[in-house]
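Student: I would like to learn how to read a structure like this one, feature by feature. Please show it and then take me through it.

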2 protein chains.
Amino acid sequence: MSEMKSLALFTDLYELTMAASYFENQMFEPATFSLFIRNYPAFRRYFVSAGLDDVLNYLSGLRFNPEDLDYLEGTKLFKPEFLSYLERFRFTGKVHAIPEGRLFFVNEPLLEVTAPLIEAQVVETFIINAMNLQVMIATKASRCFHAAWPRTLVDFSLRRTQGLDAGMKVARASFIGGFTGTSNVLAGKVYGIPTYGTMAHSFVTSFENETDAFRAFAKTFPENAVLLVDTYDTISGAKAAAEVGKEMASQGKLLKGVRLDSGDIARLSQKVRKILSEKGLGEATVFASGGFDEYTIQRVLKQGGDIDSFGVGTKMGVSADAPYFDMAYKMVEYDGRSVLKLSPQKSTLASAKQVFRFKTPKERLSRDVIGLRDDHLKAGEPLLEEVMREGKVVISTPPLSQIQKRFLVEFSNLREKYKSLAKNVPEYPVGLSSGLKKLQAQLVRRLKARVRKELGES
Amino acid sequence: MSEMKSLALFTDLYELTMAASYFENQMFEPATFSLFIRNYPAFRRYFVSAGLDDVLNYLSGLRFNPEDLDYLEGTKLFKPEFLSYLERFRFTGKVHAIPEGRLFFVNEPLLEVTAPLIEAQVVETFIINAMNLQVMIATKASRCFHAAWPRTLVDFSLRRTQGLDAGMKVARASFIGGFTGTSNVLAGKVYGIPTYGTMAHSFVTSFENETDAFRAFAKTFPENAVLLVDTYDTISGAKAAAEVGKEMASQGKLLKGVRLDSGDIARLSQKVRKILSEKGLGEATVFASGGFDEYTIQRVLKQGGDIDSFGVGTKMGVSADAPYFDMAYKMVEYDGRSVLKLSPQKSTLASAKQVFRFKTPKERLSRDVIGLRDDHLKAGEPLLEEVMREGKVVISTPPLSQIQKRFLVEFSNLREKYKSLAKNVPEYPVGLSSGLKKLQAQLVRRLKARVRKELGES
């Protein structure tokens, strides 16, 4: 990842060609761009905010270094004056955003950037890249969390996340969405997330037989032995594990648990629990892994699976049933003028905005209203906070555990019907303020009239 | 991405706990692990090799730095002797692999690592992470390439790839799979891939009207003006673009093209082509983007879409219809003993292996045979090459353009029926050599007998 030391070129070429044209036309007036999700992907009815911390780090550190400028010069697309401008480039704008760990809904601006046009434009690619992934994963994780509750969940996805950076972001975002820990050691180091893991099948096959493998592991990790029992046959594996557990008990040690990774997990977990209990190992954890997501967790539990904890891997780590969200970053204001886009299925809400959340007296979420930034809606809690001003971060990112707690509290106040894994889940009510409605209608009218005129004229 | 300066901790915790137990048991004998894909995901019937270069860089540079060791010490899981071992840790093994850009099939080892047990084990997470993503993307890209041929394709996925590293790897892997370029400027710099891009909708909305926006862009980029025509209405946009194209022509400049990004692309592309032709702009490229993948490319072309080039984004960049492959890295030999795993649906082929490819006299691929590493199958081309010996890379990675060429040649020799996008595509014939069959049958027999015995005894 040495190529990542400067992220200024982590951008679509069109951001830079547009910037060059803005520069040539001396268009430096402030613009506001809004980041939002256009549609609910596969059966989801809410989103969990995550990724803001990366965006703030990126914006504060954004520089074009000499190598970047050499490369751009070599493309022969850009004039020297524009390259000099990039050499001095800093992000000097302001950012409003919904804090990490909060819930939000379709069309609600999750983040708004206001800055001189070029600055607000060239950061688009990075912002979508960072936020789309982390919102998607925190949301997916929260669905698994909901299905498994009160059982615990560990992120096992590292080997099949889409690349290295995803491996890190998935560990962090799934923790925000309610997971207890991760198998990713680097995420443990960088983010302080608790790490979990003991053995793979290869550990078992590298010994002459299963019992030898279990004994060797228990010797090295007498406090942390979760034995994987399905390498050859789950039942015989569980019996071998129980045998070793008894040996440990006779030495005053406690078998921490066993892990099931294949087969009919609901049925096998019951049998394995019985095998353990019969040997007096009732406190050993039954850990299940292998292809789990919210749907399979729900199914295995409905079938009576006797499981304490799930390792949730690939399907969560790539958000397999919705591996991208329709997240967009669109210009909504330029030079004091509200703007919008009319493309089919891709129209936008104009102007700088605020989201207001209304709750019941018991703190349950009842509805949101998307309004203009300067709207004051009595009793509505404004969700977007100013997080950056003149290119400087003006909040301090809370510890990850606090972000998780923020999620847990708000999620517990979202009605069950919006968390369902079913196919026909109602939408949480999100309205527009009267001010925004009026502005939007005016602008659409004006634009349609212009299009009609242009089509008529030619 | 500063956290990425050492990748030694980019691993599942269990790799390190297993290593600690191997260390305590002085298990340093050589092991062989095999990387392969267990099943064909959604409608695919072949895979494209990609990612080897990253694996070789990782293995050659693998070190636990002092910060890594401090962190591991702090977990209190590991003994000082093991941490000292990690401090001196180097990868000293050998690697055989199928070169990048070649085709391979289900169950075929794509890469095999032979090294002292701990070394071969702890590299698992990184190897799967790097190879799974890049094989998946090169394969997806090749399907788009096949559907669009002879039209050209550009990777537009950067904003919605799953993280930063994926953004880079997708640009590289999609180029291997037949793409012409990418919008990712950093990939242009790092890998030398041609970059493409001109303007977004926000460019158009930041001007008072579309024609002003087009004129401004054409002034800055008279050689590189691809005008985006669907911000308000595709037909009126195309008329404005044609107007500006005529102005350019009168100044001796050529409008490079227009881009359509929404609506009924097949129908609109025909209308837009007509508008351009009527203004004498027959040479302008019609570029289409917006939600394309192999299926929608095929559909739009069947509907008569008059398109020269496609921007292919999100659905390719996350391999949306198959966002992970069932790629596994399994121990197949330890201390001279062939090993395998019997878990349901997850059994493995034992021993170090080679893949032999048989072709027709006209170079068409006819069948593959998976054999033992030392098998000699007359007329079969062995696919795995020794790429690393004693921890040193012993090949030089060819330029990316040459890897792409290797793919294009072999892909042209794969019969059409295996490339189809239909649902019932036949499988390419892959057999086992008689030596491997015999060994496999022996081992399965022996293991089943042992499981029966253990179940009977207890």
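**Reading the model**

Tutor: Chain A has 16 helices and 19 strands. Helices (H or I, at least four residues) and strands (E, at least two) are DSSP runs, numbered from the N terminus. This is a predicted model, in which local features need pLDDT of at least 70, side-chain atom pairs count only at pLDDT 80 or more, and totals for chains, interfaces and linings use all residues. Residues are numbered from 1 along each chain as its sequence is written, while chains are lettered from A and ligands numbered from 1 in the order in which they are written.

Student: What box do the C-alpha atoms of chain A fill, and what share of its residues count as buried?

Tutor: Along the principal axes, the box is roughly 85 × 55 × 45 Å. A residue is buried if 20 or more other C-beta atoms lie within 10 Å of its own, exposed if 12 or fewer, and partly exposed in between, with C-beta atoms placed from the backbone. By that rule, 54% of the 458 residues of chain A are buried.

Student: How is chain A divided into domains?

Tutor: Domain bounds come from an automatic or database domain assignment. In chain A, domain 1 covers 2-128 + 328-457, and domain 2 covers 197-284. Their C-alpha centres lie 50 Å apart.

Student: How do I read the packing of two helices?

Tutor: Start with the axes, which are lines fitted to C-alpha atoms, for helices over the stretch in contact; angles run from 0 to 180 degrees between N-to-C directions. Angles under 35 degrees count as roughly parallel, over 145 as roughly antiparallel, 65 to 115 as roughly perpendicular and the rest as oblique. Helix H6 (residues 124-148) and helix H13 (residues 294-302) of chain A pack at about 5 degrees, with axes 8 Å apart. H6(A) and H13(A) are therefore roughly parallel to each other.

Student: Which residues make the contact between H6(A) and H13(A)?

Tutor: Two residues are in contact if their C-beta atoms, placed from the backbone, lie within 7 Å. H6(A) supplies A:Arg143, A:Cys144, A:Ala147 and A:Ala148, and H13(A) supplies A:Glu294, A:Ile297 and A:Gln298. By class, this contact has four nonpolar, one polar and two charged residues. Ala, Val, Leu, Ile, Met, Phe, Trp, Tyr, Cys and Pro count as nonpolar, Asp, Glu, Lys and Arg as charged, and the others, Gly among them, as polar.

Student: What about contacts between the chains?

Tutor: The contact takes 90 residues from chain B and 90 residues from chain A. On the side of chain B that touches chain A, helix H1 (residues 13-24) of chain B gives the most, with eight residues. That side has 44 nonpolar, 30 polar and 16 charged residues.

Student: How do I read a sheet?

Tutor: Strands of a sheet pair through backbone hydrogen bonds, either parallel or antiparallel. Here two strands pair if DSSP finds at least two bridges between them. Chain B has an open sheet of seven strands in the order S13-S12-S1-S5-S3-S17-S18, with antiparallel pairing. Strand S13 (337-338) and strand S18 (392-393) of chain B are the edge strands, each pairing on one side only. Within the sheet, four bridges join strand S3 (residues 94-97) of chain B to strand S5 (residues 111-116) of chain B. B:Val95 has B:Val113 in S5(B) as its bridge partner.

Student: Which helices lie across strands of chain B?

Tutor: Helix H2 (residues 52-61) of chain B lies across S3, S5, strand S17 (385-389) and S18 of chain B, at about 25 degrees to S17(B). Helix H6 (residues 124-148) of chain B lies across strand S1 (30-37), S5 and strand S12 (327-334) of chain B, at about 135 degrees to S12(B).

Student: Is A:Glu390 buried or exposed?

Tutor: A:Glu390 is exposed, because 11 other C-beta atoms lie within 10 Å. A:Glu390 sits in the loop between strand S17 (385-389) and strand S18 (392-393) of chain A.
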